[in-house]
Amino acid sequence: MEFRLFQKLGSLEGLELYLLLGAALIFAALLLAVLRYRRTQKDAPASATKRGNRTRALVYGAMCLTLSFVLSYFKLFSMPFGGSITLVSMLPIMIYASYFGPACGFLAGFAYALLQIVQGAWIVHPVQFVLDYFVAFTCLGLPSLFPKKLPLGAAVGGVARMLVSTVSGAIFFADGGLDYGIANPWAYAFLYNLLTIGVDTLLCVIVACLPPVRRLAGRILPEG
């Protein structure tokens with residue numbers, strides 16, 4: 001395991017660098033649009049508010065997706081065979097799911113899987129690819145089943161993603177544990193994902209419990 005919070009950013013070049021800069025600019029633009037929307041929404045009639053719900057969900061979803069994508073480049077630790085602990089990159093998707101419900105939440109998780117593939121996918125088998133990306137990241141929509149209970153939803157979503165990746169690891173990366181003296185592939189896969197996704201989930205839950213984060217989410221995201 002290697003500490004590399006800024007090492008990854010310093011080594012970016014080419015497409016990865018353009019993707020990160022583009023995502024940061026898009027997030028800034030969307031954040032400004034959301035703040036303006038929040039100010040004008042207070043005086044808008046009920047009919048206009050209802051018509052704008054779909055657009056609102058799309059804008060907020062795009063904002064949370066781009067923020068998660070940007071935060072995924074800030075890696076606190078990286079493991080030798082893939083997987084890392086990021087700067088709570090899952091949390092914006094979880095917040096979005098918690099406020100907008102299952103349809104938007106699971107769709108955002110699926111969209112984030114596509115962004116992770118663009119960022120760089122680790123593929124050894126088609127089934128492993130589906131499990132580690134489409135199924136695992138779609139689990140980030142599970143906080144939608146716990147509306148306004150963000151810490152609980154973040155824990156459930158993160159643990160679900162960890163378990164999906166554990167199944168994938170035990171089946172498709174079974175030999176990896178032999179280098180560390182762990183013959184049982186399920187034990188190895190569980191420990192490996194616990195040290196990455198598990199720690200990442202714990203950080204998301206801790207940050208979700210912080211009062212400033214709750215207040216910020218309440219100010220930016222819609223009520224009700």
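Biologist: What makes Phe 110, Tyr 112, Phe 129, Tyr 133, Phe 134 and Phe 137 a cluster?

Modeller: Ring pairs link these six residues in the predicted model. Two rings pair if their centres lie within 6.5 Å. The structure holds 9 aromatic pairs.

Biologist: Why is the pair of Phe 129 and Phe 134 called edge-to-face?

Modeller: Take the distance, then the angle. The ring centres are 5.4 Å apart, and the cut-off for a pair is 6.5 Å. The planes stand at 85°. Edge-to-face needs over 60 degrees. Therefore the pair of Phe 129 and Phe 134 is edge-to-face.

Biologist: How do you know that Phe 129 is buried?

Modeller: Its relative accessible area is 19%. Buried means under 20%. So Phe 129 counts as buried.

Biologist: What makes Thr 138 buried?

Modeller: Thr 138 has 18% relative accessibility, and the limit is under 20%. So Thr 138 is buried. Thr 138 is part of helix α7, residues 126-138.

Biologist: Which residues does Thr 138 contact, leaving aside neighbours within four places in sequence?

Modeller: Phe 106, Gly 109, Phe 110 and Tyr 133. A polar side-chain atom of Thr 138 lies 2.4 Å from the backbone oxygen of Phe 134. The cut-off for a polar contact is 3.5 Å.

Biologist: Why is Gly 105 called buried?

Modeller: Gly 105 has 0% relative accessibility. Gly 105 sits in helix α6, residues 102-120.

Biologist: What does Gly 105 touch, not counting residues up to four places away in sequence?

Modeller: Tyr 96, Ala 97 and Gly 141. The C-alpha atoms of Gly 105 and Leu 140 are separated by 7.5 Å, with the two residues 35 apart along the chain.

Biologist: What makes a set of residues a nonpolar core?

Modeller: The residues must be buried, of the listed nonpolar kinds, and joined through side-chain atoms within 4.5 Å. The largest such core here has 31 residues. Leu 91, Met 94, Tyr 96 and Leu 140 have the most contacts inside it. Helices α2, α4, α5, α6, α7, α8 and α9 each supply at least two residues of this core. The largest share, 7 residues, comes from α5. Apart from this core lies another, of 6 residues, including Leu 131 and Val 164.

Biologist: Which residues does Met 94 touch, beyond those up to four places away in sequence?

Modeller: Leu 140, Pro 143, Leu 150, Ala 154, Gly 157, Gly 158 and Cys 204.

Biologist: What makes the phi of Val 88 worth a look?

Modeller: Phi of Val 88 is near 45°, a positive value in a residue other than glycine. Most residues other than glycine have a negative phi. Val 88 is in the loop between β3 and α5. With a relative accessible area of 15%, Val 88 is under the 20% limit, so Val 88 is buried.

Biologist: How many helices and strands does the protein have?

Modeller: It has 10 helices and 3 strands. Of its 224 residues, 46% count as buried.

Biologist: Which elements have the lowest and the highest mean pLDDT?

Modeller: Strand β1, residues 2-3, has the lowest, 48. Helix α8, residues 150-172, has the highest, 95. The mean pLDDT of the protein is 83, and 82% of its residues reach 70 or more. Where pLDDT is low, the predicted coordinates should not be read in detail.

Technical notes. Residues numbered from 1 in each chain as written. Predicted model: local features only at pLDDT ≥ 70, side-chain atom pairs only at ≥ 80, totals over all residues. Heavy atoms only, no water. Helix = DSSP H or I, 4+ residues; strand = E, 2+ residues; numbered from the N terminus. Buried < 20%, exposed > 50% of the residue type's maximum accessible area, 1.4 Å probe, protein only. pLDDT = per-residue confidence, 0-100. Phe/Tyr/Trp six-rings, centres within 6.5 Å; stacked < 30°, edge-to-face > 60°. Polar contact = N/O pair within 3.5 Å; in protein donor to acceptor, adjacent residues only side chain to side chain. Contact = heavy atoms within 4.5 Å.
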